Amino acid sequence: MPPASDTRVSRLLDGLAAGDRSAVSEALNLVDDRRPEERELAFELLDALAQSPSTDSVQRVGMTGAPGAGKSSLLDALVGRLRKDGSGIGVIAVDPSSQRSGGALLGDRMRLGASAREQGVFLRSMAARDRLGGLADATQASATVLSAVYDWVFIETVGVGQSECDVANLVDTLVFVAQPGAGDMLQFMKAGILELPDVFVVNKADIGPVAERTRVELIAGLSLGEPAGSDGWQAPVLLTSARDRVGIDELATALTAHREHMQQTGGWEKRRAQAGTAFVLESLRARHGEYGLDRVGGTAKLRRRIEDAVNRSPFRLVLDLSHEIEDALRKS
Ligand SMILES: Nc1nc2c(ncn2[C@@H]2O[C@H](COP(=O)(O)OP(=O)(O)O)[C@@H](O)[C@H]2O)c(=O)[nH]1
Ligand SMILES: [Mg+2]
């Protein structure tokens, strides 16, 4: 007889393959469970999912930008638009500043209300808890589960800087949602956020000419940097109104165009591999610091080891390498 763990994991895998909502909920709870015996099962599930070819066709999209820019509202509009094509959609709303279970997260649920109740749409809200390795681990795990079921997985995160880099490692396409208003450009440029996004959106176009001015500013700011990413993609700057449902088709088209461009240039697989490696390294760095990484030969050596371990899930790698670092730290 197989051990209980095998049957539970394979039952979940079957449920996910069938698109069963209760299996999605259970799998999300499992990968979020920190009890040691559950962790082991969670890693089994994530290992299996990471190796499944079904995730090849999913597109993961990060929606980032300051609180209030309209990320949730845009997502609601976008989900409505993508549902017309019959796409299945998973949404992860992350609020790293929040310890509460209500507040902003509840707001997200309400703003995404109409679309989130639909069949074929799954919304997962996550608040920051004291997580070893940060919120990125939990988000990555949830995204892996949703990627097994849906055609699109959106991750909404607040903020700039570090949290942005984190989500950049988790997605295929990064969207930056800007709030109309002067004076933000310098801040964006200083924070270096103009380099990461694949699509820029100035939302709230309905409030008047200031939105168009922000768009012009953004285009000017972008042209000061690299002419285009190393992958040859030129990030578009779109104007939308989530409120009036304007520019939503164009946003959907831009997301698909980015995927097609990346797949045609071979950048898609490369980026996923690089993102996976970066995720493992960042996770280890968050846990053990640069000092910890140095105890097992430093970043460059670890990077090569991670790249060579193509058949392991990133979660398993983080776990195994963490144990190795802890051992090395004890001995030093
Ligand atoms: N005028 C206008 N208000 C918007 C638009 N999109 C969102 N909002 C409002 O902006 C506020 C913040 O929106 P929300 O989607 O929660 O932003 P998030 O924090 O980035 O997720 C809410 O009051 C929305 O109703 C828009 O296109 N036009
Ligand atoms: Mg929101």
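The chain has 14 helices and seven strands. Both are DSSP runs, numbered from the N terminus: helices are H or I with at least four residues, strands are E with at least two. This is a predicted model, in which local features need pLDDT of at least 70 and side-chain atom pairs count only at pLDDT 80 or more, while totals for chains, interfaces and linings use all residues. Residues are numbered from 1 along each chain as its sequence is written, chains are lettered from A and ligands numbered from 1 in the order in which they are written, and side-chain values use heavy atoms, with hydrogens and water left out.

Next, the chain as a whole. It has 332 residues, and 51% of them count as buried. Buried means under 20% relative accessible area, exposed means over 50%, and partly exposed is in between, with a 1.4 Å probe and protein chains only. Now contacts, meaning heavy atoms within 4.5 Å. Take the contacts in the chain with a separation of 6 or more: 76% of them come from residues 24 or more positions apart.

Now a helix pair. Two packed helices are described by the angle between their axes and the distance between the axes. Look at helix H2, residues 21-31, and helix H3, residues 36-50. Their axes come within 8 Å and cross at roughly 120°. The axes are lines fitted to C-alpha atoms, for helices over the stretch in contact, and angles run from 0 to 180 degrees between N-to-C directions. So H2 is oblique to H3. The cut-offs: under 35 degrees is roughly parallel, over 145 roughly antiparallel, 65 to 115 roughly perpendicular, and the rest oblique.

Which residues of H2 and H3 make the contact? From H2 come Ala27, Leu30 and Val31. From H3 come Glu38, Arg39, Leu41, Ala42, Leu45 and Leu46. Seven of the contact residues are nonpolar, none polar and two charged. Here Ala, Val, Leu, Ile, Met, Phe, Trp, Tyr, Cys and Pro count as nonpolar, Asp, Glu, Lys and Arg as charged, and the others, Gly among them, as polar.

On to charges. Side chains of opposite charge can pair when their charged atoms come close. The structure holds 21 salt bridges. Each is a side-chain nitrogen of Lys or Arg within 4 Å of a carboxyl oxygen of Asp or Glu. Glu38 comes back here: Arg8, Arg11, Glu26 and Glu38 are linked in a network of salt bridges.

Further along, Arg305 pairs with Glu324, with the closest N and O atoms 2.8 Å apart. Arg305 sits in helix H13, residues 298-308, and Glu324 in helix H14, residues 314-331. The pair links distant parts of the chain, 19 residues apart. Arg305 is partly exposed at 35%. Glu324 is partly exposed too, at 31%. Arg312 and Asp320 also meet in a salt bridge, 2.8 Å from N to O. Arg312 is partly exposed at 37%, and Asp320 at 31%.

Arg243 forms a salt bridge with Asp206, the closest N and O atoms being 3.5 Å apart. Arg243 lies in the loop between E7 and H11, and Asp206 in the loop between E6 and H10, so the pair ties together parts that are 37 residues apart in sequence. Arg243 is exposed, at 63%. Asp206 is partly exposed, at 29%.

Lys204 lies in the loop between strand E6, residues 199-202, and H10. Lys204 is not a glycine, although its phi is positive, about 65°. Its relative accessible area is 27%, so Lys204 is partly exposed. In the loop between E7 and H11 sits Arg245. Its phi is near 60°, again positive in a residue other than glycine. Arg245 is partly exposed, at 46%.

Is Thr240 buried or exposed? Thr240 is buried, with a relative accessible area of 0%. It lies in the loop between strand E7, residues 237-239, and helix H11, residues 248-265. What does it touch, leaving aside neighbours within four places in sequence? Thr240 is in contact with Leu74, Val201, Val202, Asn203, Lys204, Ala205, Val246 and Gly247.

Last stop, Val216. It lies in helix H10, residues 209-224. At 47% relative accessibility, Val216 is partly exposed. Val216 and Val237 are 21 residues apart in sequence, and their C-alpha atoms are 8.8 Å apart in space.
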